[in-house]
Every structure is written in structure tokens, then in C-alpha cells.
Amino acid sequence: MAVITNINLWEEGQKKIEWAKKHMPILNTIVEQYQEEKPLKDLNVALSVHLEAKTAYLCLCLSKLGANMFVTGSNPLSTQDEIAAALVKNGLNVYAKHGVSNDEYFEHLMMTLDNDIDLIIDDGGDLAYLLHTKLLDKAKKIIGGCEETTTGVIRLKSLEKEGKLLFPMIAVNDAYTKHMFDNRYGTGQSTWDSILRNTNLIIAGKYVVVAGYGWCGKGIAKKAQGLGAKIIITEVDPIKALEAYMDGFEVMTMDKAAKLGDIFITATGCKDIIIDKHFYDMKDGAILCNAGHFNVEINMAKLEEIAEGKYNVRKNIDAYKVNGKEIYVIGEGRLVNLAAADGHPVEIMDMSFGLQMLSAIYVKENKDNLENKVYNVPEHIDKKIARIKLKSLGIEIDKLTDEQKEYLESWEV
């Protein structure tokens, strides 16, 4: 089945997928290792991830391992219609269109889950949310799943803490080869790719305010530093705030930063980071964008309410008139690197999606031994991804001798 915008766009989408395939050696290696075995044979898999070329290739790889794929997006603005068309042309079931309303977006999620699903691959926790609220009957068949994002893992751990989690989930986001590379290098590069291509402005010399100094915030700040920006970090965690200071950045409250910033980037996973009082204090021409999963970090509803006027100034950029000034928002306050660009670099997502594939296989193979908990990615899977990546780069590393292993495991000198 398919609910897409236009099947005739498939050729353009196929070209993008082929480009991604050439730069995803980890997925290619995993398919090569498991294609004959087909460990996901006859498994109905629902996938909700930002629907672009790299995700599409993950879907095709999962299909090669035997899975019946039912695919939708995880953000109304990140779905690329040509990619959705290409997946349908390749025989997959797709329910996704670019630019749908919030109601339509959730309707597509519901349609995806209405297929006798066995396993979910989630990005932000929306599939899991529906299975724990509106689709409790369908949750009974779910053997488990994987979660891609910090935001989604937070939601899942809240369910587990309350004793309400209905099936085991793997926190793919928390794997070292995910958060250390995807969240840091991927978010850092893709966020600035979006800002640069959409504004066409120089960054050197500007005050850049980064809200949140987790792995995503660190990557964004580091790239901004390389572009010559003057960087301000806002934080609620005293340890992360101190780390930002030690890394050479200014640290202050958002109340103070609002008056100084030229570009604001939220990356906290929380809501109401930038609110009405901050809009009033901002400079004329301040640029706002969000690198967190949900569009709640910048309070767009309040901005719409207080704005004296609004108009589109460039593709993906809206201007709001507030107190005689203009404030610019990229991508409607949604995930800036995907709502207004192409997302993380291909090679970065190759690692993250490799984790997704191996974690899905792990859930299938261990379904009888897993409880309804949030599990970390097993260490051997994490290290396997790193080894495949190093091999693809032509890099060899040392190995411990038996004597060294014994020394490290002993308490004696």
C-alpha cells in the first residue's frame, strides 16, 4: 500500500538513494553478511524516521534481510516526496507526504501501524506513543523495537519508570557509535549546512547562542567556532555548563544571551527554551532555529501570538515583526537540518543505521529473553560497527596480547 504525493517522482529519488548506497559501507557489509540467512524473514517492521535517501537505503537493506517494511516519516517537513515514491517503486509500503498537517502526520503513523506489526524502528517515540495510547491492542504483538533519538529515549524511559512500557526497546541513541558521532559530528555539520544554505550569510564575527551542551550542542558549538563565530552557551546542568566554559565558550542564562545573539540554535530536547520575553529582547534581524527533535524548544505559538506581522522572506525562512524589529525563523522552528536541508552526512548515518539493523536483529533473536525495559545497545554490536567503519577507511588498530589482557584483569602489579 502507498499514500504518497506522486509516484512519478521516483526516478529522482532513486538517484539520491543510489548516491547514498555508494557511501554507506557499513550497511552494505551487514547486508552482505546476513542476506543469505535473512534473520528478519517474515517480520513486519514499522519504521518512522526522517524519510530521505539515507533512511530509504536502510529500509531497502532491512527488506533484503527479509523484513516486510511499512514506512512513514517522523516529521511533516523532513519527508522528501521523491524518496517516498522511489521506495514504493521498490515494492515497499509507504505512508508519507511532505508538508502535511499534524493530524495527517499522525494519520500516516496510524496507517503504518495498522499492518500486524512485529517490530518498530522509531525516531522521536511517536510510534511507541501511539502503541501505548490509541493502539494498545496492536502493542500486544510487538516483540520490541529500536529508538534513534535522545528525545525518544527520554519518553521510553519515562514509560519504563512508570511501569507502563509494553515491550522491550533498544536505546540506539545511547550507543557510543551513535551519540559520539551522529549527535556530535552529524548534528554539528548538518545544522550549519542548513543555516548557511538558507541564509547565505557569513558566520564569522557573529554571536551564536547554542542552547544545550549535550553531544548535539557540543557539535554545533565546535562547528560554529571553526566558522569564526563568538559562541554563547546556555545550560541548566552545572557540569555541562562548566565543561562549556572550560572549552572556551561564554556561558550565561538565555535571559542575558537573548540581548546579544545574532543566531540562536536550540538543542536541549526540552520545551520553552526561547519564549516571549526573549523575543522582545532580541536584536533586529536575529535568526532562530531548532536542532532538537520536536518543534517545542522555540515557543512558536507565542511568537505567532505576539508578532505584529509575518511574511516569508526566503525559502524556509519566515520573518516575524516584534516590537518594531524583525526576527527570522528557519524551518518553522522544526528540526532545522531536516526540515530545511538534507540531514546528517551519509557516512554518519551509515553508522547509526548500522546500529539500527543489528539492534533489530538482536531483538528478533533474543525476544524470549528480553523484558519490557529500555536496553542499551550490546557492547559487541557497538564495537562491531566501529570495526566495520575502520575497515572501510583502511585503518588498522592494535590488539591486546594475552599477557596484556591478563594484566588489565588482575589486581596485582
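**Exposure, salt bridges, patches and pairing**

User: Why does D174 count as partly exposed?

Analyst: D174 has a relative accessible area of 26%, and it counts as partly exposed because that class lies between buried (under 20%) and exposed (over 50%), with a 1.4 Å probe and protein chains only. The model is predicted: local features need pLDDT of at least 70 and side-chain atom pairs 80 or more, while totals for chains, interfaces and linings use all residues. Residues are numbered from 1 along each chain as its sequence is written, and side-chain values use heavy atoms, without hydrogens and water.

User: What makes K157 and D174 a salt bridge?

Analyst: Their closest N and O atoms are 3.5 Å apart, so the pair meets the criterion of a Lys or Arg side-chain nitrogen within 4 Å of an Asp or Glu carboxyl oxygen. This pair links distant parts of the chain, 17 residues apart: K157 lies in helix α8 (residues 150-161), and D174 in the loop between β7 (169-171) and α9 (176-199). Helices (H or I, at least four residues) and strands (E, at least two) are DSSP runs, numbered from the N terminus. K157 is also partly exposed, at 40%.

User: How do you know that E52 and K54 form a salt bridge, and are they buried or exposed?

Analyst: The N to O distance is 2.7 Å, so it falls within the 4 Å limit. Both E52 and K54 are buried. In the salt bridge of E371 with K373, the closest N and O atoms are 3.6 Å apart; there, E371 is partly exposed at 45% and K373 at 34%. The whole structure holds 20 salt bridges, and D116, D118 and K141 are linked in a network of them.

User: Why is E409 called exposed?

Analyst: The relative accessible area of E409 is 69%, so E409 passes the 50% limit. E409 is in the segment after α18 (402-408).

User: What makes β5 and β6 paired strands?

Analyst: Four bridges join β5 (residues 119-122) to β6 (residues 144-147), and the two run parallel; the pair qualifies because DSSP must find at least two bridges. I121 stands opposite C146 in β6.

User: Why do β1 and β16 stand at the edges?

Analyst: The open sheet has eight strands with parallel pairing, in the order β1-β4-β3-β2-β5-β6-β7-β16. β1 (2-3) and β16 (374-376) each have a single partner strand, so one side of each is left without a neighbour in the sheet.
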